Amino acid sequence: MAESPKVISRALLAGYEPVSMLIEKKELEQNLGELQHEMGDRTAILQSVPVYVADTETLHHLPGYSLIRGMLCAFRRKKLKPVEKMLDKIGVTGRIAVLESVVNPTNVGAIFRSAAAMGMDAVIVTSDSSDPLYRRAARVSMGTVFQIPWTYINIDYQYR
């Protein structure tokens with residue numbers, strides 16, 4: 001899930017396949033305008049995406065609280081590369097951030113955003129960490145979870 005025009009555009013530009021969009025009626029024109037601006041000349045990607053529009057009251061009623069901030073888009077996940085292939089592609093001089101047991105999605109998003117700012121080549125996430133594609137993590141990252149190559153690694157913790 002991606003929320004806000006900037007995050008949605010970053011997912012689209014990174015090649016994630018959109019399933020559908022949900023937009024708050026009062027923000028329809030503004031959000032679609034922002035999304036088209038972010039996409040530039042690549043707006044054709046949006047032509048086949050179903051767009052659902054609802055008023056604020058309906059959007060608050062669906063989950064029982066304010067879920068979205070104007071625009072939400074569901075995407076299909078990409079198949080993640082195995083760690084070995086990612087490391088082969090990056091090479092020995094690559095810079096990698098490792099997220100070990102980071103369970104708070106807000107922290108995961110903030111780390112991805114920092115990794116992008118520092119020019120990291122990839123992020124490796126332990127399987128006990130929060131999902132980087134969780135809506136909150138993607139939003140806090142400002143969509144950088146869609147831009148930086150990342151994958152999971154399974155670690156068998158055996159303390160002696």
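Modeller: Here is how the labels follow from the computed values. This is a predicted model, where local features need pLDDT of at least 70, side-chain atom pairs count only at pLDDT 80 or more, and totals for chains, interfaces and linings use all residues. Residues are numbered from 1 along each chain as its sequence is written, and side-chain values use heavy atoms, with hydrogens and water left out.

Colleague: What makes up the secondary structure of the protein?

Modeller: Six helices and seven strands, where helices are DSSP runs of H or I with at least four residues and strands are runs of E with at least two, numbered from the N terminus. In sequence order the pattern reads β-α-β-α-β-α-β-α-β-α-β-α-β. Along the principal axes, the C-alpha atoms fill a box of roughly 55 × 35 × 25 Å.

Colleague: How do you know that β6 and β7 pair, and in which sense?

Modeller: Pairing requires that DSSP finds at least two bridges between the strands. β6 and β7 have four bridges, in the parallel sense, so they count as a pair. Within this pairing, I124 stands opposite T151 in β7. The chain passes from β6 through α6 to β7 in a right-handed β-α-β crossover; with the strands pointing away from the viewer, right-handed means that the path from the first strand over the helix to the second runs clockwise.

Colleague: Why is S130 called buried?

Modeller: Buried means under 20% relative accessible area, exposed over 50%, and partly exposed in between, with a 1.4 Å probe and protein chains only. S130 has 11%, so it is buried. S130 sits in the loop between β6 (122-126) and α6. Beyond its neighbours within four places in sequence, its contacts (heavy atoms within 4.5 Å) include V102, V103, N104, P105 and Y152.

Colleague: And why is P149 called partly exposed?

Modeller: P149 has a relative accessibility of 41%, which is why it is counted as partly exposed. P149 belongs to the loop between α6 (135-140) and β7 (150-153). Not counting residues up to four places away in sequence, P149 touches M86, D121, A122 and V123.

Colleague: What makes phi of S4 and phi of S101 worth a mention?

Modeller: Most residues other than glycine have a negative phi. Phi of S4 is near 95°, and phi of S101 is near 55°. S4 lies in the loop between β1 (2-3) and α1 (5-13), and at 13% relative accessible area it is therefore buried. S101 lies in the loop between β5 and α5 (105-117), and its 33% makes it partly exposed.
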